[in-house]
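Let's take a walk through this structure, one piece at a time.

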Amino acid sequence: MIIHMDTGENIKNKNSTQNMITKININELSYRKDINLLRALAVIGVLVYHFDKKLLSGGGLGVDLFFFISGYLISNKLILGLRSQENYFRIFFRKRFLRLTPALISTSIFSSLFAYNFLSPAELKLHFDSAFYSLIYISNFFYTNLDFYNSPNNKYLTMLHTWSLGIEEQFYILLPIILVFVYKKNKQIVSTFILLIIFSLVFSFFTMSENLFYNPLGRFWEFLAGSIFMIF
């Protein structure tokens with residue numbers, strides 16, 4: 001028989017982490033129609049904006065609203081998951097993978113069938129490249145490095161919409177790292193979020209490039225703002 005004994009330091013660290021988790025006074029979010037309504041408005045706004053900018057010039061803000069809502073929901077799941085289960089990160093990533101990847105694979109396959117029949121060879125190659133990077137959730141970086149001047153019109157970039165999904169997934173990797181840091185260093189979670197928001201905003205203000213649109217560092221403040229909103 002092997003008996004595992006915790007040292008005093010290990011017990012102290014566990015108690016410190018548990019105390020830090022317990023201090024965050026939040027409840028599990030239940031299904032809310034108002035959040036689903038906001039999501040629907042965000043999606044409709046983006047669709048109308050892409051159809052005709054004159055109809056709804058601010059429709060692109062739907063993406064920002066969606067990021068805010070994602071930060072609100074995901075931070076609740078992660079914080080409560082950490083409170084209840086030590087191996088919650090593994091469960092969290094498995095659930096995210098099973099929820100998103102099958103749909104993304106299906107989208108890539110069906111769009112590839114149409115792309116093969118309707119796109120030129122150069123456009124088809126670009127489609128397959130973007131589909132590949134979409135499936136590993138870094139298409140935003142792919143489009144950051146894309147030479148749009150010599151590339152086909154945006155309407156032929158069949159997987160362009162996946163840039164936002166890439167940024168979402170990158171935040172879902174970053175947030176657990178932040179939470180582990182907060183818990184292990186016994187830091188204040190809201191103060192940490194505020195510092196990261198300031199960093200993200202400063203980065204945005206001083207980055208003089210059109211590629212900022214696809215850069216996660218310039219977008220993370222929106223997710224974190226949603227996280228702070230959830231905590232309060």
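Start at Asp-64, which is partly exposed at 23% relative accessible area; buried would be under 20%, exposed over 50%, and partly exposed in between, using a 1.4 Å probe and protein chains only. Keep in mind that this is a predicted model, where local features need pLDDT of at least 70, side-chain atom pairs count only at pLDDT 80 or more, and totals for chains, interfaces and linings use all residues. Residues are numbered from 1 along each chain as its sequence is written, and side-chain values use heavy atoms, with hydrogens and water left out.

So what does Asp-64 form a salt bridge with? The partner is Arg-219, with the closest N and O atoms 3.1 Å apart. (A salt bridge here puts a side-chain nitrogen of Lys or Arg within 4 Å of a carboxyl oxygen of Asp or Glu.) This pair ties together distant parts of the chain, 155 residues apart: Asp-64 is in helix α3, while Arg-219 lies in the loop between α8 and α9. Helices are DSSP runs (H or I, at least four residues), numbered from the N terminus.

Arg-219 is buried, at 8% relative accessible area. Arg-219 also forms a salt bridge with Glu-222, at 3.8 Å between the closest N and O atoms, and Glu-222 is buried too. Shared partners join Asp-64, Arg-219 and Glu-222 into one network.

Elsewhere, Arg-32 and Asp-34 meet in a salt bridge of 2.6 Å, N to O. Arg-32 is partly exposed at 32%, and Asp-34 is partly exposed at 38%. The whole structure has 4 salt bridges.

How values were computed: Helices (H or I, at least four residues) and strands (E, at least two) are DSSP runs, numbered from the N terminus.
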